[in-house]
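I opened the model with a list of things to look up. My notes follow in the order I worked.

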Amino acid sequence: MENALLEAIIRCTYDAITVVDEKGNGILINPAYTKITGLMENDVLNKSASVAVTEGESMHLKVLETQEPVHGVRLKMGPAKKEVVVDVAPVIVNGELRGSVGVIHDISEIKRLSEELADARDSIRHLQVKCSFKDILGVSDAMKAVLEQARRAADTSVTILIRGESGTGKELFAHAIHNASERRQGPFIRVNCASISPTLLESELFGYEPGAFTGSLRGGKKGYFEEADGGTLLLDEIGDLNMGLQVRLLRVLQEREIVRVGGTAPIPVNVRVLAATNADLEHKIDKNEFREDLYYRLNVLPILVPPLRQRRADIPLLAAHLIKKTAGDFGRKTPRISPEALQILFAYNWPGNVRELENAIGRAMISMTPVDEIILPTYLPPLGVNVPARRTELREVIGEVERMLILQGLAENQGNRTVTAKQMGISKRSLYNKLNKYGLI
């Protein structure tokens with residue numbers, strides 16, 4: 001009764017199961033086994049387990065010999081040479097070896113999906129970079145300075161370290177530098193060093209030779225350095241790179257060549273490396289978490305993207321752009337923002353920088369009704385003032401906001417002052433006074 005119940009359970013399971021006796025002859029398979037391998041009961045029962053294996057060694061026979069389980073062994077089985085992964089364990093009853101049981105996993109579908117995902121990721125990485133310096137908005141002195149520095153850096157071939165807080169737009173600068181460089185026709189590939197496990201990241205960066213590890217592609221694989229040959233490789237979140245990979249990266253920067261995982265032959269690469277981080281690399285060096293020699297190799301030409309709180313004069317321009325973009329995404333008419341709401345945006349410290357500003361604009365527009373045409377303070381999400389501005393500084397900033405709003409209005413209305421004054425909710429005389437005050441006449 002117990003044997004019949006056990007056999008019924010095995011036959012019902014979706015996992016492919018095969019059982020052999022102590023001599024290695026098949027005594028049981030289930031329908032899932034037949035479905036995967038194409039082998040019927042009369043093909044394997046009472047026959048050596050080796051008959052099922054078309055490429056590789058029978059793990060049943062190995063386990064019977066060693067009495068030790070095996071896991072994750074790749075084989076090809078059956079007439080169709082189905083690629084599978086097998087786990088096999090010995091069956092020991094009262095201290096006596098009675099046979100072994102194996103579970104077979106069909107990896108062809110997993111492999112196909114993995115390859116499709118890899119192809120999709122590669123396609124995304126090789127998409128044409130469209131962002132240029134003209135797409136990076138900024139009229140503040142701080143932003144003008146860093147933009148000029150980045151433009152000069154683009155004309156060189158040196159390694160660049162782009163630093164800045166999260167959400168400041170470091171990747172936009174990397175795109176713009178690539179597009180303004182002599183490598184603009186080459187590939188631009190971005191790798192987030194924090195989002196990939198260190199073990200996988202090594203093979204992703206440097207590639208691997210055939211048979212380098214279990215699960216590797218038969219023909220090996222190019223890494224991102226090889227794929228970026230003739231172009232630019234952005235190593236984002238470089239501060240999260242482990243010490244072992246830091247050593248390998250240092251060699252690439254010094255020798256301009258890579259060695260694939262599992263290989264010995266150096267492969268020359270012509271790649272410009274851009275690195276980006278929001279981490280305090282100097283502090284990491286003090287804690288022995290980042291190599292000082294790599295730091296100096298990366299920091300040949302540093303670019304520090306200022307946080308939004310240090311470029312408050314850009315807020316009107318950024319807000320107008322983000323409002324227009326969000327309105328397009330929402331399929332609605334572009335609203336204006338009230339001066340009171342703009343003052344709230346100015347007073348906030350923006351720890352999340354431009355990314356947080358975009359989030360605030362989006363949440364405000366979600367709160368609006370379809371007929372609302374002005375973003376009022378009540379529509380904005382709660383924004384605490386992290387660092388209150390000095391009274392004199394705030395007055396200066398508000399003046400800059402007003403000046404930028406006037407310029408923006410005149411631009412939108414092709415210089416028509418009457419329409420601009422009406423949109424701003426002030427008289428034409430008041431507009432003229434403000435134009436004179438800000439030297440715009």
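I took contact to mean heavy atoms within 4.5 Å. Axes are lines fitted to C-alpha atoms, for helices over the stretch in contact, and angles run from 0 to 180 degrees between N-to-C directions. Helices (H or I, at least four residues) and strands (E, at least two) are DSSP runs, numbered from the N terminus.

With those terms set, I looked at helix α7 (residues 170-179). Helix α7 lies across β7, β8, β9, β12 and β13. Its direction is about 150 degrees to β7.

I noted the ground rules next. This is a predicted model, where local features need pLDDT of at least 70, side-chain atom pairs count only at pLDDT 80 or more, and totals for chains, interfaces and linings use all residues. Residues are numbered from 1 along each chain as its sequence is written, and side-chain values use heavy atoms, with hydrogens and water left out.

**Whole chain**

I counted 18 helices and 15 strands. Buried means under 20% relative accessible area, exposed over 50%, and partly exposed in between (1.4 Å probe, protein chains only). Of the 441 residues, 44% count as buried. I also checked how far contacts reach along the sequence. Among contacts with a separation of 6 or more, 63% are between residues 24 or more positions apart.

**The parallel sheet**

In what order do the strands of the open sheet stand? I read β8-β9-β12-β7-β13, 5 strands with parallel pairing. Two strands pair if DSSP finds at least two bridges between them. From one strand to the next, the twist averages 20 degrees.

Strand β7 (residues 160-163) is joined to β12 by 4 bridges, in the parallel sense. Ile162 has Ala276 of β12 as its bridge partner.

Thr277 is also in strand β12. Is Thr277 buried or exposed? Thr277 is buried, because its relative accessible area is 1%. Leaving out residues up to four places away in sequence, I found Thr277 touching Leu161, Ile162, Arg163, Gly164, Lys170, Ile238 and Gly239.

**Nonpolar cores**

A nonpolar core is a set of buried Ala, Val, Leu, Ile, Met, Phe, Trp, Tyr and Cys residues joined through side-chain atoms within 4.5 Å. The largest one has 32 residues. Val191, Phe225, Leu233, Leu235 and Ile238 have the most contacts inside it. Several elements supply at least two residues each, among them β8 (188-192), α8 (198-206), β9 (232-236) and β12 (272-277). Which element gives the most to this core? It is α10, with 5 residues.

I listed the contacts of Phe225, leaving aside neighbours within four places in sequence. They are Leu205, Phe206, Leu233, Leu249, Val252, Ile258, Val269, Val271 and Val273. A second, separate core has 25 residues, including Ile315, Leu322, Ile337 and Ala364.

**A helix pair**

Helix α13 (residues 315-330) packs with helix α14 (residues 339-347) at an angle of about 115 degrees. Their axes are 11 Å apart. Ile315, Pro316 and Ala319 of α13 meet Leu342, Leu345 and Phe346 of α14. I sorted the residues of this contact into 6 nonpolar, no polar and no charged. Here Ala, Val, Leu, Ile, Met, Phe, Trp, Tyr, Cys and Pro count as nonpolar, Asp, Glu, Lys and Arg as charged, and the others, Gly among them, as polar.

**Hairpin**

Strand β1 (residues 16-21) and strand β2 (residues 26-29) run antiparallel, joined by 3 bridges. Thr18 stands opposite Ile29 in β2. The hairpin has 4 residues between its strands, and Gly24 in the turn has a positive phi of about 90 degrees.

Most residues other than glycine have a negative phi. I therefore looked for exceptions. Lys81 has a positive phi of about 50 degrees. Lys81 sits in the loop between β4 (70-77) and β5 (82-93), and is partly exposed because its relative accessible area is 47%. Asn94 has a positive phi near 55 degrees. Asn94 lies in the loop between β5 and β6 (96-106), and is exposed at 81%.

Lys62 was my last stop, in helix α4 (residues 59-66). Lys62 is partly exposed at 33% relative accessibility. Its C-alpha atom is separated by 9.9 Å from that of Ser100, 38 residues apart along the chain.
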